[in-house]
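The following note sets out numbered points on side-chain contacts, for a colleague who has the coordinates to hand.

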Amino acid sequence: MRPFNDFVKSNFDAARRFFLDIASDCPASDSVNHSLSFISDGNVLALHRLLWNNQEKIGQYLSSNRDHKAVGRRPFDKMATLLAYLGPPEHKPVADTHWSSLNLTSSKFEEFMTRHQVHEKEEFKALKTLNIFYQAGTSKNGNPVFYYITRRFKTGQINGDLLIYHVLLTLKPYYAKPYEIVVDLTHAGPSNRFKTDFLSKWFVVFPGFAYENVAAIYIYNCNTWVREYTKYHERLLTGLKGSKKLLFIDSPVRLAEHVEPDQQKLPAATLALEEDLKVFHNALKLAHKDTKVSIKVGSTAVQVTSAERTRVLGQSVFLNDIYYASEIEEICLVDENQFTLTIANQGTPLTFMHQECEAIVQSIIHIRTRWELSQPDSIPQHTKIRPKDVPGTLLNIALLNLGSSDPSLRSAAYNLLCALTCTFNLKIEGQLLETSGLCIPANNTLFIVSISKTLAANEPHLTLEFLEECISGFSKSSIELKHLCLEYMTPWLLNLVRFCKHNDDAKRQRVTAILDKLITMTINEKQMYPSIQAKIWGSLGQITDLLDVVLDSFIKTSATGGLGSIKAEVMADTAVALASGNVKLVSSKVIIRMCKIIDKTCLSPTPTLEQHLMWDDIAILARYMLMLSFNNSLDVATHLPYLFHVVTLLVATGPLSLRASTHGLVINIIHSLCTCSQLNFSEETKQVLRLSLTEFSLPKFYLLFGISKVKSAAVIAFRSSYRDRSFSPGSYERETFALSSLETVTEALLEIMEACMRDIPGCKWLDQWTELAQRFAFQYNPSLQPRALVVFGCISKRVTHGQIKQIIRILSKASPLLSIDRGLESCLKGPDNYNSQVLIEATVIALTKLQPLLNKDSPMHKALFWVAVAVLQLDEVNLYSAGTALLEQNLHTLDSLRVFNDKVLNTQTTFQKDVLPQTFSSNIHTFLGGGQPLEWHCKQMDHFVGLNFNSNFNFALVGHLLKGKVQTPLPQHSGADHPDSPHTASPALLTVSEEVRSRCSLKHRKSLLLSEVTMENVPMDTYSVHHSDPCCRTLMESQPWTSPKVSERYLVAHYSSVGQISPRTRKSMSLDMGQPSQANTKKLLGTRKSFDHLISDNKAPKRPDMESGITTPPKMRRVAENDYEIGECPESTQRISHHTLRKVSVSESNVLLDEEVLTDPKIQALLLTVLATLVKNTTDDFDQRILYEFLAEASVVFPRVFPVV
């Protein structure tokens, strides 16, 4: 613009003079007479309607987007007042439409149509025959009644102008006087709509008096679509909104109030909807807004009527949606109280809830089936006959008609057969001779079958063409001829294997096509279903070389239908017929296929098995296995290890019906073992199997298999009508599956297998199962590896040092804590997802199960203690139970190896402070295969957790265990059911019992609350110890890791199972009590902060009264008395030197609170902390009394420490 500056400067004055010359002052407004411009009424009405419809939006805009001080609300208030004075716009707003602009009046429209002689055209005559609009009868007021049947008008198929012209001619004799209209909206939908421009035309082509003379409009069967349509065209229908002439009718009875029944001329199809109704009230239609409805099932349609009124054109009406049987594509029973209805041309299925869902579904299936049967058969499309197809085609015609009931037709068919054999040189061995007048009896099936067998053996090249023709003509034959067709088809099936081995791909494809047609025939021919199963598939099952091709076709057909579809269920059912001819081969093929597909999931692992691409194939084969499992069609004697392997991988997996199928598979396997003729079991083994059948049918096992909410697993496993949504993922509520449940199931299966193996010399079942589990356990697969690890741990009878190392490597990969190359920050975060937690839990359970099998000399025994501690330090609620079980099992195992006893005997140190650290710390670096020592990492972890094993072993260990009492659930195991389970008693987490009180007497107070309890029945061990060192004495000590050989038998006889504590979300407590320095000791005695949270939390988990904890009976063990070296405590040495060594009794010297034994304030605080935690988390009054007795004793024995705790 800079070059333009000079031009502006040179011409500035001239431009200024020009503007001054042309400008003039504006005269006063009242001195000028304005000419009035013409404004059309249409524009005024349009402005009126615009302001009226949008005045709220205008007000909101002015209040939110304009400056209130500058404008204010005064202009809007004036406009609102003016609109209120004018009232709503009149109904003539349609005058501004396109049709109005053309000035199209009724006379002009009629004149135009008459001039073109529309009434003479065939299209118009055809329209009149459709009876879309007609006059019939009169109302109670004497007015003529017209009927408009909405569903008969088809948008795009019928000329709208012709319809308007037809209505105009029909109304013309009557519209000068009052008349009434009935609009039948039954089943109205998008295909019956008036487009917007056509809808507006209806309001301008009739004379004005024709609109005024409408006395009443009765709207019959208004539905959801009509409501949406009127909302969309609200502007055009404004004049009808709230009109008193508009009456909504929901039944013929209501219409009878205005039109006598004998004068009503509604279509018969509309009235038929009210006949033979089964009405189900109080149903709930689930959508973005749930609505109460009534479901009416008639003879031809389903009606869904709203129970609550809704607004349509300003009036409250009931909506009635109608779905004809022909529109119902799918009816699916989701569960006992919910089903879905899939309607043609509707995007999403309709979902309903009702108490009688099964009855509703059966009623709908009934009307759908009746409609299907009423439909005429489709016109058959015959394929062109090629020259090479002629012999096979004519042969089928001849054989089929030989079974006809017409004697002459039988004779003609016989002569055709003779001519056929002569013409094509078929080798029939002189059995046929063409002649006239032959009398052939109607019962000649055996003759026909014999001819077919001979030709099948001598002329196998005709097989493909002959079978194709048999199948194509099968559906058109009568029942009698269908049975005959199956008889003479069967011999030809054996020839199919010739073409499977053929070099020609086209031949092999034709075999596959024939199998597909046979499958389709099996699915469609319901009446012939048993015969087809026996004749066709029973014969094909005997052909070994054809089985793979047949199974491929089965699985492909099942996959196209999807899990739970009719196709999939029929194919699974047909597999039973296939196996009837060759049980060993078919069962082997199915099981091997299942194992191979499961193996392939490792190639592209997914978090869950249901997310895998091969999930459908796995689920379908699982259904096949269920069907085959009855009557030993799975050959359990050969395949039991593989079956148990598949069960453990699939238990509680998939939708509800599949979980029930897995349960049913186990029941059927056990039943087959009981009834199998190949295996001869002793009476004792049979008793075990019978008890197992009963046990697996208990609610406990229903819960383990994820079907706890069903009444009968068998009913759920076979529930499939049309398409059962209980098979569909996402339609079911997934029950969480704990690895402890898998542990229980595996142990139950192992018991069955071991019982059977005792009666079978040289049986390798368990070795095979162990090998299968081991292969999956050491292969990465998030969905199956945790399960395989648990199974491997439960069933293994031997384990090597290398296998333990491999499991620990898996643990180190899953847990950042045990991975050396990760930073400390990641160590503290712990596992970051659910799958890693499950894998950690699985490895820990496996280690727990496998440790007792390790060689006595293995260094892993000591290292596993620190593995358990590391798992506890991960601070995950879900892992605490497994970590505690591993810790307990480790201590049991080491105790059985006499590790603790040897250490105590060989060293003059105390048990708590030195024995365990010395036992474990020297091997801490070995459990990852001799790699980098973990001592430095463990020290860091101890520091961040706040528990130091090197400084104070007791505080560190009990600190971790107390987390379980405060926040973590224990696994719910029964000591009686599982006496060898490490979960039977968990250390330091079980509440006090009368047994503890009776063993640990009170020294300073006499118990006034409890009576004396004799201990005659409690097994006790006492030891006499002879030491030269005066610092040592015998002490009766309760050891939570006492060897279970004696104690568990006692528990089974005298105590109930351990209860389950409610989980807590609170993270681990931090105990800074580990340092032995003077500063920390002062901190312990001077502040309550370290332990206040243990006794002040009011949200402690509550336990039922019956779930009182138990501990193993205490065992006498020789330990040193105090925690200090002899040189460090001369005073205490002198104080206790006068004690003599002797064999002490329970009541005399086993004192829990003894200031001479517990001389270290930290140990005293630790003991009182445990007691305080037990008091806080115990709800049993009896237990609390015992605990308070000991706490009262502690206030006397430890007066310095008691106030802190």
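1. Arginine 510 counts as buried, because its relative accessibility is 16% and the cut-off for that class is under 20%. Please note that the model is a predicted one. Glutamate 468 likewise counts as buried, at 18% relative accessibility.

2. These two residues are joined: arginine 510 forms a salt bridge with glutamate 468, and their closest N and O atoms are 3.1 Å apart. A search of the whole structure finds 21 salt bridges.

3. What does glutamate 487 pair with? Its salt-bridge partner is lysine 535, with the closest N and O atoms 3.1 Å apart. Glutamate 487 is partly exposed, with a relative accessible area of 28%. Lysine 535 is also classed as partly exposed, at 31% relative accessibility.

4. A further salt bridge is made by the side chains of aspartate 548 and lysine 589, at 3.0 Å from N to O. Here too the pair links distant parts of the chain: aspartate 548 is in helix H23 (residues 547-561), lysine 589 is in helix H25 (residues 583-600), and they are 41 residues apart. Aspartate 548 has 34% relative accessibility and counts as partly exposed. Lysine 589, at 22% relative accessibility, counts as partly exposed as well. Both residues belong to a network of salt bridges that links Asp548, Asp552, Lys589 and Arg593.

5. Turning to the aromatic residues, the count comes to 20 aromatic pairs. In one of them, the rings of phenylalanine 4 and phenylalanine 7 have centres 5.3 Å apart and planes at 35°, so the pair is tilted. Both phenylalanine 4 and phenylalanine 7 lie in helix H1 (residues 2-10), where a spacing of three residues places them about one turn of the helix apart. Phenylalanine 4 counts as partly exposed, with 42% relative accessibility.

6. Phenylalanine 696 and phenylalanine 705 form an edge-to-face aromatic pair, at 6.2 Å centre to centre and with 70° between the planes. Are phenylalanine 696 and phenylalanine 705 buried or exposed? Both of these residues are buried.

7. Two other contacts of aromatic rings deserve a mention. Phe133, Phe146, Tyr174 and Tyr179 are linked by ring pairs into a cluster. Elsewhere, arginine 623 lies over the face of phenylalanine 718, at 5.9 Å from the ring centre.

8. Finally, there is a nonpolar patch on the surface, formed by Met1, Phe4, Phe7, Val8 and Phe12, whose accessible area together is about 580 Å². Helix H1 gives the most to this patch, with three residues. Phenylalanine 12, another member of the patch, has its place in helix H2 (residues 12-22). The tilted pair of phenylalanine 4 and phenylalanine 7 therefore belongs to residues of this surface patch.

Methods
Residues are numbered from 1 along each chain as its sequence is written. This is a predicted model: local features need pLDDT of at least 70, side-chain atom pairs count only at pLDDT 80 or more; totals for chains, interfaces and linings use all residues. Side-chain values use heavy atoms; hydrogens and water are left out. Rings of Phe, Tyr and Trp (its six-membered ring) pair if their centres lie within 6.5 Å; planes under 30 degrees apart count as stacked, over 60 as edge-to-face and the rest as tilted. Helices (H or I, at least four residues) and strands (E, at least two) are DSSP runs, numbered from the N terminus. Buried means under 20% relative accessible area, exposed over 50%, partly exposed in between (1.4 Å probe, protein chains only). A charge sits over a ring if NZ of Lys or CZ of Arg is within 6 Å of the ring centre and within 35 degrees of the ring normal. Patches are made of residues with over 30% relative accessible area and no salt bridge: like charges are joined within 9 Å, nonpolar side chains (Val, Leu, Ile, Met, Phe, Trp, Tyr) within 5 Å. Accessible areas come from the Shrake-Rupley method with a 1.4 Å probe; for residues, only the protein chains shown count as cover. A salt bridge is a side-chain nitrogen of Lys or Arg within 4 Å of a carboxyl oxygen of Asp or Glu.
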